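Here is a short briefing for a reader new to this structure. Please look over the sequence and the model before reading on.

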Amino acid sequence: MKFEASTLSAKDNYKLLIGSIIPRPIAFVTTLGEDGTVNAAPFSFFTVASSSPPQLVIAVQRTDQGQKDTARNILAKQSYVIHIVSEEIVDAVNETAAPLAYGESELERTDLTLVDSDAIDVPGIAEAKIRFEMRLTQHVELEGADLLIGEVLRYYVADELVESFRIDAAGLKAVARLAGNDYATIGKTFTIARPTK
């Protein structure tokens, strides 16, 4: 089947994209609102942008009302925390996807625990096995989204997950997004050596 993207509705483009580009890692992001409220929300348009300096990118889709709280807060404060979602916290993270009014904290719907950050004033989530304290380095305003590129200032990794800077994927138990209400865990893994010439 062929589809001309320009003739499809935004909803149909979205459905084709999120059903095709799978699995997607989830950035669970905490930010601070103008009134000091801690906002928390998951985003699956998320990846590594570069390793030197270490930078991560998230795309925060806009709604009919405009910017989401996460983008608004990051642009105002220039700092935020990204957490990797594991099996142990995925249900709580899902609760934070609720569409609440600005100034209401999604974390009140969960039992997650806030913990102070060191390099920034935005708190993180204690239960997350990996979190990154972030400083915004670039904002690209797209027609329907805010593309946010940030530098990792500090890593927090659970002691049992890291050895010689290698992360134990099985121990992390990361969860990924599929389409609709579906998620995935890491199943069968295999190794293929890269060509050397």
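The radius of gyration is taken over C-alpha atoms, and the globule rule is 2.2 Å times the number of residues to the power 0.38. For 197 residues that rule puts a compact globule near 16 Å, and the chain has 17 Å, which agrees. The model is predicted. Its chain has four helices and 14 strands.

**Overall build**

- Along the principal axes, the C-alpha atoms fill a box of roughly 50 × 45 × 30 Å.
- Of the 197 residues, 39% count as buried.
- Take the contacts with a separation of 6 or more: residues 24 or more positions apart account for 60% of them.
- The chain has an accessible surface of about 12000 Å². Carbon and sulfur atoms hold 51% of that surface.
- There are 19 positive and 28 negative side chains. The centres of the two sets lie 9 Å apart.

**The nonpolar cores**

- In soluble globular proteins, nonpolar side chains tend to be buried together.
- The largest nonpolar core here has 23 residues. Val 29, Ile 58, Ile 82 and Phe 132 touch the most other members.
- Strand 9 gives the most, with four residues.
- Which residues does Ile 58 contact, leaving aside its neighbours within four places in sequence? They are Ala 27, Val 29, Phe 45, Phe 46, Ile 74, Ile 82, Asp 146, Leu 147 and Leu 148.
- A second core is separate and has 18 residues. Ile 26, Leu 32, Val 81 and Ala 128 are among them.

- The buried residues of helix 2 are Asp 69, Thr 70, Ala 71, Asn 73 and Ile 74.
- What covers these buried residues of helix 2? The cover includes strand 2, strand 3, strand 5, strand 6, strand 9 and strand 10.
- Gln 78 follows helix 2. The phi of Gln 78 is positive, near 70°.
- Arg 72 is also found in helix 2.
- Beyond its neighbours within four places in sequence, Arg 72 is in contact with Glu 34, Gln 67 and Tyr 102.
- Arg 72 and Glu 88 are 16 residues apart along the chain. Their C-alpha atoms are separated by 29 Å.

**Cis peptide bonds**

- Ile 22 and Pro 23 are joined by a cis peptide bond, with omega about -15°.
- Pro 23 has its place in the loop between helix 1 (10-20) and strand 1 (24-25).
- The peptide bond from Ser 52 to Pro 53 is cis too, and its omega is near 0°.
- Pro 53 lies in the loop between strand 4 (46-51) and strand 5.

- Phe 165 has a positive phi, near 65°, and is a residue other than glycine.
- Where is Phe 165? Phe 165 lies in the loop between strand 11 (162-163) and strand 12 (166-167).
- Is Phe 165 buried or exposed? Phe 165 counts as exposed because its relative accessibility is 82%.
- Lys 173, also a residue other than glycine, has a positive phi near 55°.
- Lys 173 is found in the loop between helix 4 (169-172) and strand 13 (175-177).
- At 36% relative accessibility, Lys 173 counts as partly exposed.

**Glu 127**

- Glu 127 is found in the loop between strand 8 (124-125) and strand 9.
- Glu 127 counts as partly exposed, at 31% relative accessibility.
- Leaving aside its neighbours within four places in sequence, Glu 127 is in contact with Ile 89, Asp 111, Leu 112 and Thr 113.
- Glu 127 and Ala 10 are 117 residues apart in sequence. In space they are 35 Å apart, C-alpha to C-alpha.

Key:
Residues are numbered from 1 along each chain as its sequence is written. This is a predicted model: local features need pLDDT of at least 70, side-chain atom pairs count only at pLDDT 80 or more; totals for chains, interfaces and linings use all residues. Side-chain values use heavy atoms; hydrogens and water are left out. Helices (H or I, at least four residues) and strands (E, at least two) are DSSP runs, numbered from the N terminus. Buried means under 20% relative accessible area, exposed over 50%, partly exposed in between (1.4 Å probe, protein chains only). Contact means heavy atoms within 4.5 Å. Accessible areas come from the Shrake-Rupley method with a 1.4 Å probe; for residues, only the protein chains shown count as cover. Lys and Arg count as positive and Asp and Glu as negative; His and the chain ends are not counted. The place of a charge is taken as NZ of Lys, CZ of Arg, CG of Asp or CD of Glu. A nonpolar core is a set of buried Ala, Val, Leu, Ile, Met, Phe, Trp, Tyr and Cys residues joined through side-chain atoms within 4.5 Å.
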